[in-house]
Amino acid sequence: MKQLPIGISTFEKIRSDNYVYVDKTQHIVRLATTGGRYYFLSRPRRFGKSLLIDTIKQAFLGRKDLFSGLYLENNWDWSKQYPVIHFDFGSGVVQSRQELNSKIEQFLDEYYSKYGIENIYNDVSGRFSYLIRRVAEKIGQVVVLIDEYDKPILDNITDKTAAIAIREGLKNLYSVIKSHDSHIKFALLTGVSKFSKVSLFSGLNILEDLSLKSDYADICGYTQSELEREFAEHLKDGGVDKSALKLWYNGYNFAGKEAQKVYNPFDILLFFSNDYQYRNYWFETATPTFLVRLIEQNHYFIPELDGLLIADNSLSNFDIEEIPLITLLFQTGYLTIKEVTTIGTQYAYILGYPNLEVKASLNGALAEIASSSLIKNRTLGKLSQIFNSANFADLKLMLSSHFASIPHDWYRNNDIANYEGFYASIVYSLVCALGYEVIAEDVTNHGKIDLTVKMEDKIIILEFKLSKYGSATEAIKQIKERNYAEKYLSEASEIYLLGISFDSDKRNIEDVQVEEV
């Protein structure tokens, strides 16, 4: 059985040391032979962008030996080799424009030494421009590869002054590429975020954005067919339930077809190496504290994160001075494309959580809003016991205790008490964090159910009310009058109707009522 390339993004090491490699080289051939030369690709973290960059690097360097048995081997002109200038901003953290310039200078020094170029310029853009020109004159057209182009900005996204200064420093570097058309054979920039063209890319508007092109939807990540082909032995060895694996980790869609939906490689590799345990491997590498804070500050109705409609151009409408929450959630991988649609005549997308890992983990983080990890975990433990036993007698006490744990100072510093969706959002996040299939605004032919929880042996239908508009008893009555349970009669032997009312003055649960169908 081949080794798992955990944390390895060096193509040569993967190919030389018998690691699993999922062949993506057909995409590289298409990029290099379809007439384009300048590209940009945005993908969430740990999606294989660095490995893609290094694979492209080895192809242009002419390392045919590394591509034996791969698509590229017999579909590439190996008679030509190109010098490659490769900048990788993925390692380390820069906190100022000065530190950024120092890092760039280190890259440039390495290539000046490698190609024996005299140093006649002092500024970054001048040195980069001269490097491209002299290498092209000495050897031939240059390939420019820049990995994690935006990481220096994202590392400072909460410090606007530092982030803007760093952005201007990167713009100074990247704008050089446009002025060297005759010297550059191919260029690719990869990163997590797509900044608007009027900021970071104002001097580099020649880039073709591959991020949402269906032809390249699976350029990073593992499709279902790739997973079953390349990891067949691992799947068999662990007796893996493929449908469960798909529910947990598949579902990332970058405007491709169903077959192009992908798994995050990091999840899959860690799943196999950790005795086939379903855990939140990707999410745990970087809890999205900044995103949670944005959701909190915007008083966002959390259930609406699943099923959002957004215009095509809004997915790249991102900049330091304006950070749209939904755009950031998509670009960082917490939301993905569920369906391609239109708004009028314009392309649009319906977004949602990609899979169970992300939905449960993100909502677990959101459940700590105005609370703490200790209180959240205690609440989740009790909620799990209540739902599994279907003994709802303690539900009101448990929820009341959780809401009571929210400090009064937190309410005074926010107008959240007037935000009606807050109470339902907290309950929604708690239930999602348990990992059950949760459907918000579940559509029936009689109306919309506020929340449906689908468990292995039972279904729970929830309806929320603010006490000034209706009681928990009236919530149950609404469920029954509209026959919400009818939709699930054939799916589960146990169906429970749960009505919850909130008192916005007391900032807590008013009442909980439950009936079994």
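Reply: Two strands pair if DSSP finds at least two bridges between them. Helices (H or I, at least four residues) and strands (E, at least two) are DSSP runs, numbered from the N terminus. The model is predicted, so local features need pLDDT of at least 70 and side-chain atom pairs pLDDT 80 or more, while totals for chains, interfaces and linings use all residues. Residues are numbered from 1 along each chain as its sequence is written, and side-chain values use heavy atoms, without hydrogens or water.

Me: OK. How many bridges join S2 to S3?

Reply: Five, and the two strands run parallel. S2 covers residues 84-88, and S3 covers 142-147. Phe-87 has Ile-146 as its bridge partner in S3.

Me: How many residues of S2 are buried?

Reply: Four of the five, so strand S2 is mostly covered. Buried means under 20% relative accessible area, exposed over 50%, partly exposed in between (1.4 Å probe, protein chains only).

Me: Helices next. At what angle do H5 and H7 cross?

Reply: Roughly 30 degrees, with the axes coming within 9 Å. Axes are lines fitted to C-alpha atoms, for helices over the stretch in contact, and angles run from 0 to 180 degrees between N-to-C directions. H5 is residues 124-138 and H7 is 160-178. H5 contributes Val-124, Ser-125, Phe-128, Ser-129 and Ile-132 to the contact. H7 contributes Asn-172, Leu-173, Val-176 and Ile-177.

Me: Switching to the five-stranded sheet. What's the strand order?

Reply: S11-S12-S13-S14-S15, an open sheet with mixed pairing. S11 (437-444) and S15 (508-516) are the edges. Each has a single partner strand, so one side of each lacks a neighbour in the sheet. Neighbouring strands are turned by 25 degrees against each other on average, direction ignored.

Me: How do S12 and S13 run?

Reply: Antiparallel, joined by four bridges. S12 is 447-454 and S13 is 458-466. Val-453 has Ile-460 of S13 as bridge partner.

Me: Which helix packs on the sheet, touching S13, S14 and S15?

Reply: H20, residues 472-481, at about 140 degrees to S14. Helix H17 (395-404) lies across S14 (494-503) and S15, running at about 155 degrees to S15.

Me: Last one. Where is Lys-359 found?

Reply: In helix H15, residues 356-366. Lys-359 is buried, with a relative accessible area of 11%. Leaving out neighbours within four places in sequence, Lys-359 is in contact with Asp-306, Tyr-353, Tyr-428, Cys-432 and Val-438.

Methods: Contact means heavy atoms within 4.5 Å.
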